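Thanks for making time this morning.

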Amino acid sequence: MPRKNQHSRNPARGRPQRAKDKRRDSPGDAFRCVGCRLDVPFHAPGTAHRNHCPNCLTSLHVDGRIPGDRRSTCRGRMVALSLSVRPDGEWMVIHSCLACGGLSANRVAGDDNALVLLRMALRPFGARLPERALLAI
């Protein structure tokens, strides 16, 4: 006769899940970059929402229409394509999602790699941009 597993529970009668003590996206936490595998802190000087790696500028497609809302269902990897400059002189990194092809503009943070930003600014305009990005500009 088979023995009943004493550790199995009826899902309908299971204990409720414990509340988490700490949110993962608190300002003291960090995330691992999908591009260079660097541990990146959520706190970013010059911006309210860290949305890309300061070393390689790679991002994840997590925000919907509003920065910091984390409502995108895509979750694809986003690569930095180019830079844009606002009329007030602020630099924006243009990202393209490799999964869905969406484009987004993210503010440059104070700790972003200056060499990577300058290389991107000096790169010829059509060097690595997909046709969709050129048509959107």
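Rings of Phe, Tyr and Trp, taking the six-membered ring of Trp, pair if their centres lie within 6.5 Å. Planes under 30 degrees apart count as stacked, over 60 as edge-to-face, and the rest as tilted.

Keep in mind that this is a predicted model.

The partners are Phe31 and Phe42, with ring centres 5.5 Å apart. Their planes sit at 45°, so the pair is tilted. Phe31 belongs to strand 1, residues 30-32. Phe42 is in the loop between strand 2, residues 39-41, and strand 3. The pair therefore ties together parts that are eleven residues apart in sequence. Are these two buried or exposed? Phe31 is buried, at 19% relative accessible area. Phe42 is buried too, at 17%.

Arg32 pairs with Asp39, and their closest N and O atoms are 2.9 Å apart. Arg32 is partly exposed, with a relative accessible area of 44%. Asp39 is partly exposed as well, at 48%.

Now confidence. The chain has a mean pLDDT of 77. Of its residues, 69% reach 70 or more. Where is confidence lowest in the chain, and where is it highest? Lowest is helix 2, residues 131-136, with a mean of 53. Highest is strand 5, at 91.

Take the pairs in order. Strand 3 and strand 4 are joined by two bridges. There, Leu60 stands opposite Arg77 of strand 4. Strand 4, residues 77-85, then meets strand 5 over seven bridges. In that pair, Val85 faces Trp91 of strand 5. Strand 5 continues to strand 6, residues 103-107, through five bridges. His95 has Ser104 in strand 6 as its bridge partner.

Both of the last two pairs are hairpins. Strands 4 and 5 have five residues between them, and Gly89 there takes a positive phi near 95°. Strands 5 and 6 also have five residues between them. In that turn, Gly101 has a positive phi of about 85°.

How well covered is strand 5? Mostly covered: of the seven residues in 91-97, five are buried.

Side chains of opposite charge can pair when their charged atoms come close. How many salt bridges does the count come to? Four.

Look now at Glu90. Glu90 forms a salt bridge with Arg86, with the closest N and O atoms 2.8 Å apart. The side chains of Glu90 and Arg107 also meet in a salt bridge, at 2.5 Å, N to O. This second pair links distant parts of the chain. Glu90 is in the loop between strand 4 and strand 5, Arg107 is in strand 6, and they are 17 residues apart. Together, Arg86, Glu90 and Arg107 are linked in a network of salt bridges.

Which of the three is buried? Glu90, with a relative accessible area of 17%. The cut-off for buried is under 20%. Arg86 is partly exposed, at 38%. Arg107 is partly exposed too, at 35%.

Last item: the surface. Which residues form a nonpolar patch there? Val85, Trp91, Leu118 and Leu122. Together they have about 410 Å² of accessible area. Leu118 comes from helix 1, residues 114-122. Leu118 is partly exposed, with a relative accessible area of 46%.

That's the tour. Over to you for discussion.

Terms used
Residues numbered from 1 in each chain as written. Predicted model: local features only at pLDDT ≥ 70, side-chain atom pairs only at ≥ 80, totals over all residues. Heavy atoms only, no water. Patch = residues over 30% accessible without salt bridge, like charges linked within 9 Å, V, L, I, M, F, W, Y side chains within 5 Å. Areas by Shrake-Rupley, 256 points an atom, 1.4 Å probe, with all protein chains shown as cover. Helix = DSSP H or I, 4+ residues; strand = E, 2+ residues; numbered from the N terminus. Buried < 20%, exposed > 50% of the residue type's maximum accessible area, 1.4 Å probe, protein only. Pairing = 2+ DSSP bridges. pLDDT = per-residue confidence, 0-100.
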